[in-house]
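Here is a short briefing to read alongside the model. Please keep the viewer open as you go through the points.

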Amino acid sequence: MIVLSIILLSVGLIIILAYIFSLIRCSIKTPAFISKIEEKDIPSRSHKLKEYYPVFTYTYNNKKYSEKANVSTNNKLKFKLNEKVFVYLNPKHPELIRYGKNTIYLLPGILFILSGVFFLVLSLI
């Protein structure tokens, strides 16, 4: 059970570190606007589902970029065309962007770490 707890703790730590590194890499806040909303069909047995991804257009170092967001929604009305937003970009690779903080990605890491601690305590009892 100690091996399982070490694996869970390691996976949780990797997930959290990946999130922190994405915050560090994409650190330049720049204004952008939603130039397009891309639709993606999601397979479902009962009914058609769609995900909507905004495409952000922004300028960095006098060069214009258009990049699809790293987030999606099933609510088409969440994103509005030509809406002004802020994105965070990687100064070394300005085509790499992050929209918002996306703290939801921390949840799996925290759950893995808590599970690892739980199994570690259980194995020591």
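Which residues make the nonpolar surface patch of about 590 Å²? The patch is made by Ile-104, Tyr-105, Leu-107, Ile-110, Leu-111 and Leu-114. This is a predicted model, in which local features need pLDDT of at least 70 and side-chain atom pairs count only at pLDDT 80 or more, while totals for chains, interfaces and linings use all residues. Residues are numbered from 1 along each chain as its sequence is written, and side-chain values use heavy atoms, with hydrogens and water left out.

**The nonpolar patch**

- Patches are made of residues with over 30% relative accessible area and no salt bridge, and nonpolar side chains (Val, Leu, Ile, Met, Phe, Trp, Tyr) are joined within 5 Å, like charges within 9 Å.
- The salt bridge ruled out here is a side-chain nitrogen of Lys or Arg within 4 Å of a carboxyl oxygen of Asp or Glu, and accessible areas come from the Shrake-Rupley method with a 1.4 Å probe.
- One of the patch residues, Tyr-105, sits in the loop between β5 (97–98) and α2 (106–124).
- Tyr-105 counts as partly exposed because its relative accessibility is 42%, with buried meaning under 20%, exposed over 50% and partly exposed in between.
- Helices (H or I, at least four residues) and strands (E, at least two) are DSSP runs, numbered from the N terminus.

**Ser-5 in helix α1**

- Ser-5 belongs to helix α1, which covers residues 2–25.
- Ser-5 counts as buried because its relative accessibility is 0%.
- The Ser-5 side chain reaches the backbone oxygen of Ile-2 at 2.7 Å.
- Once neighbours within four places in sequence are set aside, Ser-5 is in contact (heavy atoms within 4.5 Å) with Gly-116, Phe-119 and Leu-120.

- Strands β2 (residues 49–60) and β3 (residues 63–68) pair in the antiparallel sense over 6 bridges; two strands pair if DSSP finds at least two bridges between them.
- Val-55 has Lys-68 in β3 as its bridge partner.
- The two strands, β2 and β3, form a hairpin with 2 residues between them.
- Asn-61, in the loop between β2 and β3, has a positive phi of about 50° although it is not a glycine.
- Asn-61 counts as exposed because its relative accessibility is 62%.
- Asn-62 is also placed in the loop between β2 and β3, and has a positive phi of about 60° although it is not a glycine.
- Asn-62 counts as exposed because its relative accessibility is 81%.

Conventions:
Buried means under 20% relative accessible area, exposed over 50%, partly exposed in between (1.4 Å probe, protein chains only). A polar contact is a pair of N or O atoms within 3.5 Å; within protein, one must be able to donate a hydrogen and the other to accept it, and residues adjacent in sequence count only if both atoms are side-chain atoms.
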